[in-house]
Amino acid sequence: MFKKFHPKEDVSGSTSLKSSVQRHIRQSLLDQLPLLSQPSYKAPTDSSAPTDAPALAPTEAVEPAAVKEEKEEGGKKKGGKGKGGKGKGGKKDKKDKEEEEEAGEGGKDEGESLVIDEIWPKKESLGLTKCHDRISIYTVNAVPLFFNHFDGPFIPTLKLLHKYPGLLPHVQIDRGAIKFLLAGANMMAPGLLSPGGSLPDGLAKDALVAIHAEGKEHACGIGKMAESSADVKKAGKGVAVEVVCWIGDDLWKIDTIGL
């Protein structure tokens, strides 16, 4: 798809999409890529959530002692001043509780953000770059994130897949098939069924997959199942995965495009 892609020649135009179109695309992405609807990766490491809860316990435990000291000091002084001190202390307690509740709610909202919000923040506009052969590239701040062909499914870019490996199910090719993948060739069944390969059960025909390679950490390409995994294993030959993009193709070389 991007074997001979030249932005200056193959891009027909770029535009910022309407809000209604963006909402439709966001929902389609959530439906097609389940990981995007999962809690944000940042949520577990958010310092506000774990630190606020423990901080409340000692604060509540200290308050009674502080009140006792104020009462004892107030007893030594005149009654009028003691009452005034107690009244002011009561106001501070209410403010502290309100601030704690607001902080807790803020931490909860941040913790409930989704993976898609990390990739495509709600305040950011989605850009569309139209290319040759009815290829559309979707960007945020000119960074390519997804693309599709005609009205086909949204496909994450390989760079985005490296950041979020769980976006697509994985298949693996053996070492001998790597050079063919990096040349843009489709992946044949023997490369996935050999001892160095891996083809999980349950993959349907046309399912998008991340193509990993034996001995490599990150995906080397993205493809579409030519047949179901059951049929590929049954036949044992022929094209198993139609390659869509790979490391080193012209989309991989682009850092920014359009809007």
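**Aromatic pairs and nonpolar cores**

Modeller: In this predicted model, the structure holds three aromatic pairs.

Colleague: Is the pair of Phe-2 and Phe-5 stacked or edge-to-face?

Modeller: The ring centres of Phe-2 and Phe-5 are 5.4 Å apart, and their planes make an angle of 85°. Planes over 60 degrees apart fall in one class. The pair of Phe-2 and Phe-5 is therefore edge-to-face.

Colleague: Is Phe-2 buried or exposed?

Modeller: A residue counts as buried under 20% relative accessible area. Phe-2 has a relative accessible area of 0%, so Phe-2 is buried.

Colleague: Is Phe-5 buried or exposed?

Modeller: The relative accessibility of Phe-5 is 2%. With the limit at under 20%, Phe-5 therefore counts as buried.

Colleague: Why is the pair of Tyr-138 and Phe-154 assigned to its class?

Modeller: The centres of the Tyr-138 and Phe-154 rings lie 5.3 Å apart. Because their planes stand at 65°, and over 60 degrees is the criterion, the pair is edge-to-face.

Colleague: How many residues apart in sequence are the parts that Tyr-138 and Phe-154 tie together?

Modeller: Tyr-138 belongs to strand 3 (residues 135-140). Phe-154 is in the loop between strand 4 (143-149) and strand 5 (155-156). The pair therefore ties together parts whose separation in sequence is 16 residues.

Colleague: Which residues form one aromatic cluster?

Modeller: The edge-to-face pair described above joins Phe-2 and Phe-5. One aromatic cluster is formed by Phe-2, Phe-5 and Phe-147.

Colleague: Over the face of which residue does Arg-26 lie?

Modeller: The distance from Arg-26 to the ring centre is 4.3 Å. The ring that Arg-26 lies over belongs to Trp-120.

Colleague: Which element gives the largest share of the largest nonpolar core?

Modeller: The largest nonpolar core has 40 residues, and Leu-29, Leu-36, Phe-146 and Leu-167 have the most contacts inside it. Several elements each supply at least two residues of this core, including helix 2 (19-32), helix 5 (115-119), strand 2 (126-131) and strand 4. The largest share is four residues, and its source is strand 3.

Note on methods. Residues numbered from 1 in each chain as written. Predicted model: local features only at pLDDT ≥ 70, side-chain atom pairs only at ≥ 80, totals over all residues. Heavy atoms only, no water. Phe/Tyr/Trp six-rings, centres within 6.5 Å; stacked < 30°, edge-to-face > 60°. Buried < 20%, exposed > 50% of the residue type's maximum accessible area, 1.4 Å probe, protein only. Lys NZ or Arg CZ within 6 Å of the ring centre and 35° of its normal. Core = buried A, V, L, I, M, F, W, Y, C linked by side-chain atoms within 4.5 Å.
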